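Dear colleague,

I am handing over the structure we spoke about, followed by notes on what was found in it. Please look through the view first and then read on.

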Amino acid sequence: MTGFARRERQGPWGTLVCELRTVNHRYLETSLRLPEELKALDNDVRQAITAALRRGKVDANLYLKSAAGTQRSLELDSQLLDELVARVEQVRGQLKYPAPVSPIDVLRWPGVVREAEVDIKPVLAAALELVQEALNELNDTRLREGQRIRELLLARCSTMRTQVQAVRARLPEVSRRMRERIVERIAQLGTTADPERLEQELVLYAHKMDVDEELDRLGAHLEEVTSVLNSAEPAGRRLDFLMQELNREANTLSSKSQDSETTRAAVDMKVAIEQMREQVQNVE
């Protein structure tokens, strides 16, 4: 299900920003970007996302902007520096014409100068809290969208139920008209049909064209869709399967139809099912 959330927090360490974007996906797939200072949170953030979301493609981004005027301090390893200077003097004593040694060259020696360690724990704790706030906001957004989609799907189901009832109500009329057409065609051939054989053929033809079973299954699937939509459990995969089943029955109804009104209703159903299927792709 699509959604977006953005949360921001300021502290003595600077400004933290968390942005989350989700789109529908068959499984939960997370793409996480963290600044170097927050790399230690990779596993914790992924666990928080997994606990909050079940499906969807998630793009999660954390940004850290240092506070204005914040400077990183440097530390000098005096013991290593003393040893390095002593070794330089030792080498100089063995050379006839030693070149001067630049202090910059000495400072470039690995380990002589390093950045002072900063307590990153407050930033890490604030970042995790910020991620959770963003996840809560994201789920609120997704919930509101889900409620709108639910209303749309229920409205489509109601429309389809009306269509199923209308087709079922026409069945006696369709059967009567089918019988009349067959009798009329036989009469046009200038022959007299055996009544008993005619009845047998009519029964077979009616059985072949019978759509009661399809209408029953359509009604049952619509009831199941309604039940799933009223459940608190994740519904996306179940609804996707039901859309396939509804479409199969609507196609069979259309192929069996010998009545223009029934065919039109089957086409309208397939249009409604396709609209529902598109919406279901956004449902978790």
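Two strands are said to pair if DSSP finds at least two bridges between them. In general, strands of a sheet pair through backbone hydrogen bonds, either parallel or antiparallel. Please note that this is a predicted model.

The chain as a whole

The protein chain contains eight helices and six strands. From the N terminus on, the order of elements is β-β-β-α-β-β-α-α-β-α-α-α-α-α. The chain has 284 residues, of which 31% count as buried. Its accessible surface is about 18000 Å², and carbon and sulfur atoms account for 51% of that. Among contacts in the chain with a separation of 6 or more, 77% are between residues 24 or more positions apart.

The sheet

Four strands make up an open sheet, in the order β1-β2-β4-β3, with mixed pairing. At its edges are β1 (3–11) and β3 (28–33), each of which pairs on one side only. From one strand to the next, the twist averages 10°.

The partner of β3 in this order is β4 (residues 56–66), and these two strands pair in the parallel sense over six bridges.

Best regards

Terms used:
Residues are numbered from 1 along each chain as its sequence is written. This is a predicted model: local features need pLDDT of at least 70, side-chain atom pairs count only at pLDDT 80 or more; totals for chains, interfaces and linings use all residues. Side-chain values use heavy atoms; hydrogens and water are left out. Axes are lines fitted to C-alpha atoms, for helices over the stretch in contact, and angles run from 0 to 180 degrees between N-to-C directions. Buried means under 20% relative accessible area, exposed over 50%, partly exposed in between (1.4 Å probe, protein chains only). Contact means heavy atoms within 4.5 Å. Accessible areas come from the Shrake-Rupley method with a 1.4 Å probe; for residues, only the protein chains shown count as cover.
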